Amino acid sequence: MLPVLQIGPLAIQTYPLLVVLAGWAALAVGARAARLLQFDGDHVYNAGLYGFVGGVIAARLAHVVRFWPAYRSQPLEIFGFNTTAFLLWPGVVAAVAVAGWYIYRRRLPLRPMLDAFAPGLLVGLAIAAMGALLAGRNAGAATDLPWAIDLWGVRRHPVQAYEALGFLGVAAVSCAALRAGARLKIADGKSKMGVRPGALALTALLGWGLVVWFVEAFRTPEVAPTFGWPALLGGVRVWQVVGLGAALVAMGALRARARPMED
Amino acid sequence: MEDRRWKVLILVVALAGAGWIAVNRVPGPDVAGASAEGRLTGQPLPAAPAVGHPAPEIQLVDTAGERFELSALRGTPVVLNFWATWCPPCRAEMPELEAAHVSLADQVAVVGVNQGESQAEVAAFAQGIGVSFPLPLDERMDASRTYAVRSLPTTFFIDRSGIIRRIQVGPLTEATLAQSLRAIYP
């Protein structure tokens with residue numbers, strides 16, 4: 001475990017560091033995917049960065065509103081650098097809204113943009129999962145398997161590594177399909193064998209859902225990330241239900257769109 | 001893929017998915033304080049300085065010479081703050097912790113574990129800044145090691161059952177303290 005990276009007098013928490021790295025990697029992979037989909041990769045960077053800035057502002061504003069009595073007595077804290085003074089969900093909603101507004105204003109094709117974001121998001125989630133592993137967060141269940149890791153005196157599934165491998169696998173499949181589609185399109189000049197707009201994003205959602213549904217069985221329920229909802233309902237692991245639900249929704253959408261492509 | 005094949009595939013995934021979820025269901029009731037890991041493995045989740053784990057025990061002596069045991073506070077939410085007089089952010093957050101101690105007296109226990117300093121140093125500092133909550137002295141850094149404290153200040157928010165619900169690395173403001181308290185109180 002390496003929760004803190006000590007560089008001289010500087011102590012850097014590894015999880016936030018890897019989350020930042022995950023964000024950068026997500027945008028970089030997304031921009032590369034955008035070029036394979038034959039539109040400007042800078043749009044992915046721009047949408048991502050505008051979304052991030054909008055999300056941070058909204059998350060801080062929500063925190064200020066929620067805890068106004070505290071900020072009223074310390075108004076300068078509204079602009080402070082405290083990295084925990086944010087509310088997650090308003091930030092996420094605002095980030096998605098701002099990125100969506102950018103896509104709308106630039107008249108960019110939505111489905112190809114989602115296809116471009118998809119593999120990058122999976123790569124980002126994989127890096128964030130490895131950050132959780134280094135920090136000892138969201139630990140796995142106890143086990144005697146040879147590859148178990150020791151955490152607080154108990155040998156546990158490296159469930160964060162399982163997650164990362166799963167997400168990277170789905171991202172690799174997505175990227176391979178993207179490259180294959182791009183090569184076929186270039187080769188014959190037609191779109192018939194290319195990637196149907198939106199299919200990659202749905203496939204990534206399917207893959208994400210299946211990974212979460214499978215991997216959550218190996219996590220200690222008490223430490224599962226919940227974002228406010230219970231980890232268990234009637235003994236059932238909530239994240240497994242979320243993962244399976246996402247996979248089934250994606251399969252339904254892929255089925256609805258399954259038809260021979262036209263030139 | 002033919003539509004019929006899609007339907008079959010979706011059905012197979014749904015059934016297999018539900019089966020895997022059922023196989024991995026945690027037995028027993030979801031009772032607050034009852035360890036799910038305990039119900040699964042027969043061994044409760046071990047004490048560890050991590051969210052979701054029971055807080056490790058601390059046994060120290062405070063500036064008044066009184067024995068302090070974290071386990072004695074079971075049943076009360078605890079704000080367990082690690083600090084030192086030489087740490088500027090620690091000093092900056094002391095008024096917020098003192099205000100919480102005063103306003104939430106008998107409802108939330110605020111404890112400031114001093115890292116590696118003498119009783120005289122800490123007592124003089126506390127008197128100068130007006131701190132009245134318990135200040136156990138971790139002179140040999142045993143508690144700091146147990147709690148894997150690598151930077152100051154670090155604050156653990158522990159619920160009534162003794163489970164760590166939130167860890168704050170860095171100084172608390174009035175707003176972030178109010179936010180963190182929501183994880184353990186009421």
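**Figure 1. B:Pro186, in the segment after α6 of chain B.** The model shown is predicted. The peptide bond that leads from B:Tyr185 into B:Pro186 is cis. Its omega is near 0°. Most peptide bonds are trans.

Figure 2. B:Pro153 sits in a loop of chain B. That loop runs between α5 (142-146) and β6.

**Figure 3. B:Ala148, a residue with positive phi in the loop between α5 and β6 of chain B.** Phi is near 50° at B:Ala148, which is not a glycine. Most residues other than glycine have a negative phi. Is B:Ala148 buried, partly exposed or exposed? B:Ala148 has a relative accessible area of 26%, so it is partly exposed.

**Figure 4. A:Trp152, a positive phi in chain A.** The phi of A:Trp152 is about 55°, and the residue is not a glycine. A:Trp152 is placed in the loop between β3 (149-151) and β4 (154-156) of chain A. Because its relative accessibility is 26%, A:Trp152 counts as partly exposed.

**Figure 5. Helix α6 of chain B and its packing partners.** Of the 8 residues of α6(B), 6 are buried, so the helix is largely enclosed by the rest of the structure. Which residues of α6(B) are buried? They are B:Ala175, B:Thr176, B:Leu177, B:Gln179, B:Ser180 and B:Leu181. An α-helix has 3.6 residues a turn, so residues three or four places apart point the same way. The buried residues of α6(B) pack against elements of both chains. From chain A come α2 (42-66) and α3 (68-73). From chain B come β3 (78-83), α3 (88-103), β6 (154-158) and β7 (164-169).

**Figure 6. B:Gln179, a buried residue of helix α6 in chain B.** The helix covers residues 174-181. B:Gln179 has a relative accessible area of 11%; because the cut-off for buried is under 20%, B:Gln179 counts as buried. Which side chain does B:Gln179 meet in a polar contact of 2.7 Å? The partner is A:His63, in the other chain of the pair. A:His63 is also among the residues that B:Gln179 touches. Others in chain A are A:Phe67, A:Thr84, A:Ala85, A:Phe86 and A:Leu87. In chain B, B:Gln179 touches B:Arg166, leaving aside residues up to four places away in sequence.

Figure 7. Along the sequence their pattern is α-α-β-β-β-α-β-α-β-α-β-β-α. The C-alpha trace spans about 80 × 35 × 30 Å along its principal axes. Chain B has a radius of gyration of 22 Å, whereas a compact globule of 186 residues would have one near 16 Å. Buried residues account for 46% of chain B. Among contacts in chain B with a separation of 6 or more, 61% join residues 24 or more positions apart. The accessible surface of chain B is about 8,800 Å². Carbon and sulfur atoms supply 56% of that surface. Chain B carries 15 positive and 19 negative charges, and their mean positions lie 14 Å apart.

Methods. Residues are numbered from 1 along each chain as its sequence is written. Chains are lettered from A and ligands numbered from 1 in the order in which they are written. This is a predicted model: local features need pLDDT of at least 70, side-chain atom pairs count only at pLDDT 80 or more; totals for chains, interfaces and linings use all residues. Side-chain values use heavy atoms; hydrogens and water are left out. Helices (H or I, at least four residues) and strands (E, at least two) are DSSP runs, numbered from the N terminus. Buried means under 20% relative accessible area, exposed over 50%, partly exposed in between (1.4 Å probe, protein chains only). A polar contact is a pair of N or O atoms within 3.5 Å; within protein, one must be able to donate a hydrogen and the other to accept it, and residues adjacent in sequence count only if both atoms are side-chain atoms. Contact means heavy atoms within 4.5 Å. The radius of gyration is taken over C-alpha atoms; the globule rule is 2.2 Å times the number of residues to the power 0.38. Accessible areas come from the Shrake-Rupley method with a 1.4 Å probe; for residues, only the protein chains shown count as cover. Lys and Arg count as positive and Asp and Glu as negative; His and the chain ends are not counted. The place of a charge is taken as NZ of Lys, CZ of Arg, CG of Asp or CD of Glu.
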